Amino acid sequence: MEQLESEVPPLPPRFRFRDLLLGDQSFPNDDRVQVEFYVNENTFKERLKLFFIKNQRSSLRIRVFNFSLKLLTCLLYIIRVMTDNPAQSAGASHSAYVLFPVFAQVIVAIISFLETMLLMYLSYKGNIWEQIFQVSFLLEMINTVPFIITIFWPSIRNIFIPVFLNCWLAKCALENMINDVHRAIQRTNSAMFNQVLILICTLLCLVFTGTCGIQHLERAGKNLSLFTSFYFCIVTFSTVGFGDVTPRIWPSQLLVVIMICVALVVLPLQFEELIYLWMERQKSGGNYSRHRAQTEKHVVLCVSALKIDLLMDFLNEFYAHPRLQDYYVVILCPTEMDLQVRRVLQIPLWSQRVIYLQGSVLKDQDLLRAKMDDAEACFILSSRNEVDRMAADHQTILRAWAVKDFAPNCPLYVQILKPENKFHVKFADHVVCEEEFKYAMLALNCVCPATSTLVTLLVHTSRGRSVLLQNLLREGQQSPEQWQRMYGCCSGNEVYHIKVCDSKFFGEYNGKSFTYASFHAHKKYGVCLIGIKREDNKSILLNPGPRHIMASTDTCYYINITKEENSAFIFNQEEKKGGPAGGLFDGPSQLPVHSIIASMGTVAMDLQNTTPPDASVGKLVPPTVNGAGSRRPSIAPVQELADSASILPCDLLSDQSEDDSVFTDEKGHSSTEYVKGYPPNSPYIGSSPTLCHLLAEKAPFCCLRLDQGCRHNSFEDAKAYGFKNKLIIVSAETAGNGLYNFIVPLRAYYRPRKELNPIVLLLDNPPDNHFLEAICCFPMVYYMAGSIDNLDSLLQCGIIYADNLVVVDKESTMSAEEDYMADAKTIVNVQTMFRLFPSLSIITELTHPSNMRFMQFRAKDCYSLALSKLEKKERDKGSNLAFMFRLPFAAGRVFSISMLDTLLYQSFVKDYMILIARLLLGLDTTPGSGYLCAMKVKEEDLWIGTYGRLFQKLCSSSAEIPIGIYRTESHIFCTSESQVSVSVDDCEDTKDKGDESRNNDPSDHPLLRKKSMQWARRLSKKSVRWQGASRDSSKENAQRIAQQRLNLYRRSEREELSELVRNRMRHLGLPTSGYDEQNDHQNTLSYVLINPSPDTRLELNDVKTPTIRRPPMSKNLVTVGRKNSLLTGKNLWQNQA
């Protein structure tokens, strides 16, 4: 066996793996056979077919040759006709000049005949008769065979041959040639171009055939020339029919009849096809040409369904910036344009700048039509009106992926609905998550009133920005109301940026502290410096505090009416004398009720005194002299540089504002230990980590149910818990992940523990365990199954103990058969709660901003009717925020997420706007950056005097930057509008009597209503005695009586509603002692002033005001209105290293 194995020969080199890798080719190849593979049959016929028909480039050459040949035959026919003399006899000799066209026609006929026969042979498919009876083959035979016969039979050379019919063969050759051209260059053929070409060729062929035929047949008649025949054909086909030229013999007349019949059959079919293609092209939008894309700038807007509101918001905001006036907007939408959008795009203002293309983003062909690879930006918007918002997000994600795959260098601006889908589009340049912003804004509205209005006005481009140029164009400037003029003027403030070295506003403060620069820039120029960004750092810091020293390379972010580049610096005499600089208003503004100052929490501190706080905490008390309590005549100046020796270190996780770690949140029942840390369970991927107040141990799921007791506690209503602070109730359809962003800002570490408001989630559908796992670590967060349209659910969740009720728009109602009816149920439910609980602050989210006019609707309120007229006037003037004067929006009690679409649009010009908005709302936290908070201005603080002095006070003491005022004042009606004051001073005694009766015996409501109606009747009888007074006084008295009667009716109606609420509370077993008559706030209005003038006075008649607080527990965060104790709840200072 071993011998046999030894005799086995080695493998040849070609079978060795080593030689195969090394490529050894030294072995013989005598046994190899070379094989050639052919795609087509290697026959003479197949090769000819490949050259003449199959190959695009060679067949294109054949088509061009054939087309040229047919045109040449037509041209030779015209030359022969023009050189022919009908008067000459047939036997007469002809010159060489006359015979040359004949010889040329014979040669061309031979070539055409041979080409036709060859193509017929190559295209033969088994049926010879089908090819013979083709119209093109018959025309070829008619026009070529007679010429070939004349070569062998000279006697028939004068026979008439209709060579002009070759024009129809030239038309067919041209169509085939165009098709081969598109095949050769590998581009899709335009059906519209082909149809227009066919129509033009058909018209030319009809005119040429009629001209040549009539000219030849009329040789026996009037002997018309070619031009005369052409003139006759044009007049006839155009249906003009002058009658000066007419055919005389019957053959020519018959030809005219035949040509007219052909024209009546062929041309309408061609025009019908052309019109159909034109209409289809209008629907699809055509193409955005490559030449335009290379010479002009354009952006692409991708949407699922284009609504008129979305389109106008985008166009108004996009073209509000001067440098975007030359841009084009290409809209790529898969649906057909509706009638309203079509009408808008036909307006000359938009028709020249907006191009609508019907197509899908997922098709590269449609992206090529929109020239996406050459676009300056691509905006991808989600369809928020879809019932399934998750499916809408999935479509948006696919669109973003498709654009990134097709045009990787095109900047992407993506709008997403659900926060859990945000990480799929992290590659986009700018992303706005709707639910993140919505819930964070609604949460801040509860602690910082009108945050939604503040942010909305900042991200909108208002006509208020032209305050220094066109006073008559600003919103509300023609209104007789002072608050509307101030509010409209301040609405024009926006956020801008500029480098310190390039700025006149901030250049002189190079090397000074941030707080010093902010105060003096506001004092001198009226601009509000809110943030900074280092050249070597991409993070924006809001109010970094006095420890930040301004550098020439820093980028400043400031709030102003317009950017510095558009500002003119005019120094008046008052400024030269050192007087206060004039702001945006003509004089000091009197603001007679309580105000809220919105400010940025400081991130650095300079403590001059670290003694424990005294009993005057919570007030902006004036400094004392020698401890005597007397006020100094002025406020301490703002330091140029922070005193680093007085800046004490602090621990981020410590909070000396709370003496112990145990906080009693229930009325003598139990105590809860709070800690500070990051939430352990995030409900979705991509949520920003935020330091919060947390429970030391997670609460069991059973303890999160507000209306049901468990083995840990037996509380079944909000009253039993004994909360010290007012509740915040959130009404939502489902417990989505967006609610997590509502809870986090209200449990942020800088909120003092003793000021945390209990949060109750009133959900239509019970939450799942995944959501409960995310919220069980937060203190005083509960949920309850119920709806706002059920009074029992509202009472059980503790609405009478609530300070704010947030009504979130339900996804199931976002779509309706009539678009604007999507908010109907929400509006009616909120109106019911407004009537039942008039003092409750209800913050409502709507789908459509135009429905804001129905919030807190009063049909007989003259003031509301006057505001409606003002809104219509502002809309006619072209205002982008015509609804801004509606009282619910001005007060921050109504909000629509669609108003934040402009945030994404503005990011194209201001790429920092999304980041600043996220920092303001607390969605992102940057080390060293401040936060939005609120501060109370009480009656004891009025010694400060003006907003400018308050700015100095905050900068010099707590290094905080105020950015606006939230003001509440009484209704002020204009007599010019025939409005009636809602003051009820004349019936104050009646109100007092009614209050006493309500306090003594709540069951007297029917009697009180009867007395009220008797009072109203007596008032109506008194009006008869006032007939003899003057006409003006009688009119005023009648208005006063009507208003008193209305107030009495309203109060009597409220008595009945109050009795209804008490009866339901008794039925549910709830104590009625907690429910007292709510104060009616119908006689007040609130609004926000962004960056008002320094000379705006702070005058109060009511001392009940909301506050702006700073976080007590970070190295740079402290509460406004507290004094001198570092990192305590009573601190005036806040800092963050």
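Select Glu494 and Lys910 to begin: glutamate 494 is buried, and lysine 910 is buried as well. Keep in mind that you're looking at a predicted model. The two side chains meet in a salt bridge, with N and O 2.9 Å apart. Now trace where each one comes from: glutamate 494 belongs to strand E7, while lysine 910 sits in the loop between helix H30 (901-906) and H31, so this pair links distant parts of the chain, 416 residues apart.

While you're here, pick out Arg384, Arg389, Glu434 and Asp901. Salt bridges with shared partners join these four into one network.

Next, select Arg918 and Glu436. Their side chains form another salt bridge, 3.0 Å from N to O. What does this pair tie together? Arginine 918 is in helix H31 (residues 913-921) and glutamate 436 is in helix H18, so parts 482 residues apart in sequence are held to each other. Both arginine 918 and glutamate 436 are buried.

Stay with helix H18 and select Lys418 with Glu435. The closest N and O atoms of this salt bridge are 3.2 Å apart. Lysine 418 lies in the loop between strand E5 (412-416) and strand E6 (430-433), and glutamate 435 is in helix H18 (residues 434-447), so the parts tied together here are 17 residues apart in sequence. Are these two buried or exposed? Lysine 418 and glutamate 435 are both buried. In total, the structure holds 20 salt bridges.

Time for a sheet. Show strands E7, E10, E8 and E9: in that order they form an open sheet with antiparallel pairing. Its edge strands are E7 (494-499) and E9 (541-542), each pairing on one side only. Zoom in on E8 (residues 528-533) beside E9, and you'll find them paired over 2 bridges, in the antiparallel sense.

Now head for the surface. Select Tyr124, Ile128, Trp129, Phe133 and Leu138, which form a nonpolar patch with about 530 Å² of accessible area together. Tyrosine 124 is in the loop between helix H5 (96-122) and helix H6 (128-132). Its relative accessibility is 38%, so tyrosine 124 counts as partly exposed; the exposed class begins only over 50%.

Finally, zoom out to see the whole protein, with its 35 helices and 23 strands. Of its 1137 residues, 53% are buried. The protein exposes about 53,500 Å², and carbon and sulfur atoms supply 55% of that.

Note on methods. Residues numbered from 1 in each chain as written. Predicted model: local features only at pLDDT ≥ 70, side-chain atom pairs only at ≥ 80, totals over all residues. Heavy atoms only, no water. Helix = DSSP H or I, 4+ residues; strand = E, 2+ residues; numbered from the N terminus. Buried < 20%, exposed > 50% of the residue type's maximum accessible area, 1.4 Å probe, protein only. Areas by Shrake-Rupley, 256 points an atom, 1.4 Å probe, with all protein chains shown as cover. Patch = residues over 30% accessible without salt bridge, like charges linked within 9 Å, V, L, I, M, F, W, Y side chains within 5 Å. Pairing = 2+ DSSP bridges.
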